[in-house]
Amino acid sequence: MKALVYPQERPLPFPTYPLKVNGGYVDVYVIPEEKKGEVLKRLYPFMPLPSLDDVMLDIHEDKTFKVREFMVLRSPGMNWLVSPYFPRSGGTVIDWWDPANEFSIDGN
């Protein structure tokens, strides 16, 4: 059986600081405000791309945040776009929801 091998993602050109989460540490990038739009465009995996002033809901926290409050973490080989609530509940970009969307999981 062959193992899947994913290419390493290049680190972003910003300093980092360690953040303790779940008994371990991750590195958090310090991204200047004027570079946040560029970073969001590079890392956001869905269409359409939200603006930095859009409000999103972190479904793990059931709390909203402005997109510009996102964090980017560095773990071995990858950059992770996450909610500002990540340290408490682990919400990544796949857990962001447009609070104006009336879709519900149970179909109601």
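How much space lies in the largest pocket? About 210 Å³.

## Ground rules

This is a predicted model, where local features need pLDDT of at least 70 and side-chain atom pairs count only at pLDDT 80 or more, while totals for chains, interfaces and linings use all residues. Residues are numbered from 1 along each chain as its sequence is written, and side-chain values use heavy atoms, with hydrogens and water left out.

## The largest pocket

A quick word on terms: on a 1 Å grid over the protein atoms alone, a pocket is an open set of points with protein on both sides within 12 Å along at least five of seven lines, and lining residues have an atom within 4 Å of a point. Grid points are joined across faces, edges and corners, and the volume is the space filled by probe spheres set on them.

So who lines the largest pocket? The lining is made up of E9, R42, L43, P45, M78, N79, W80, L81, T92, V93 and I94. Strand β6 (78-82) and helix α1 (36-43) each bring at least two residues, and β6 gives the most, with 4. Helices (H or I, at least four residues) and strands (E, at least two) are DSSP runs, numbered from the N terminus.

## Two nonpolar cores

A nonpolar core is a set of buried Ala, Val, Leu, Ile, Met, Phe, Trp, Tyr and Cys residues joined through side-chain atoms within 4.5 Å. Buried means under 20% relative accessible area, exposed over 50%, and partly exposed in between (1.4 Å probe, protein chains only). The largest core has 18 residues, and V39, F70, V72, L81 and W96 touch the most other members. Helix α1 gives the most to this core, with 3 residues. Setting aside neighbours within four places in sequence, V39 is in contact (heavy atoms within 4.5 Å) with L12, F14, I31, F70 and V72.

There's also a second, separate core of 8 residues, including L19, V21, V26 and V28. L19 sits in strand β1 (residues 16-21) and counts as buried because its relative accessibility is 18%. Not counting residues up to four places away in sequence, L19 touches G24, Y25, V26, V28, M71 and P87. Its C-alpha atom is 9.2 Å from that of L73, 54 residues apart along the chain.

## Salt bridges

The whole structure holds 5 salt bridges, each a side-chain nitrogen of Lys or Arg within 4 Å of a carboxyl oxygen of Asp or Glu. E33, D53 and R68 are linked in a network of them. On one side, E33 meets R68 (2.6 Å, N to O). That pair links distant parts of the chain, 35 residues apart: E33 is in the loop between β2 (24-29) and α1, and R68 in the loop between β4 (63-66) and β5 (71-75).

R68 also meets D53 (2.8 Å, N to O). D53 lies in the loop between α1 and β3 (55-58), so this pair ties together parts that are 15 residues apart in sequence.

Another of the bridges joins E61 and K63 (4.0 Å, N to O). E61 is buried at 17%, whereas K63 is partly exposed at 36%.

How values were computed: On a 1 Å grid over the protein atoms alone, a cavity is a set of points where a 1.4 Å probe fits but cannot get out, and a pocket is an open set with protein on both sides within 12 Å along at least five of seven lines; lining residues have an atom within 4 Å of a point.
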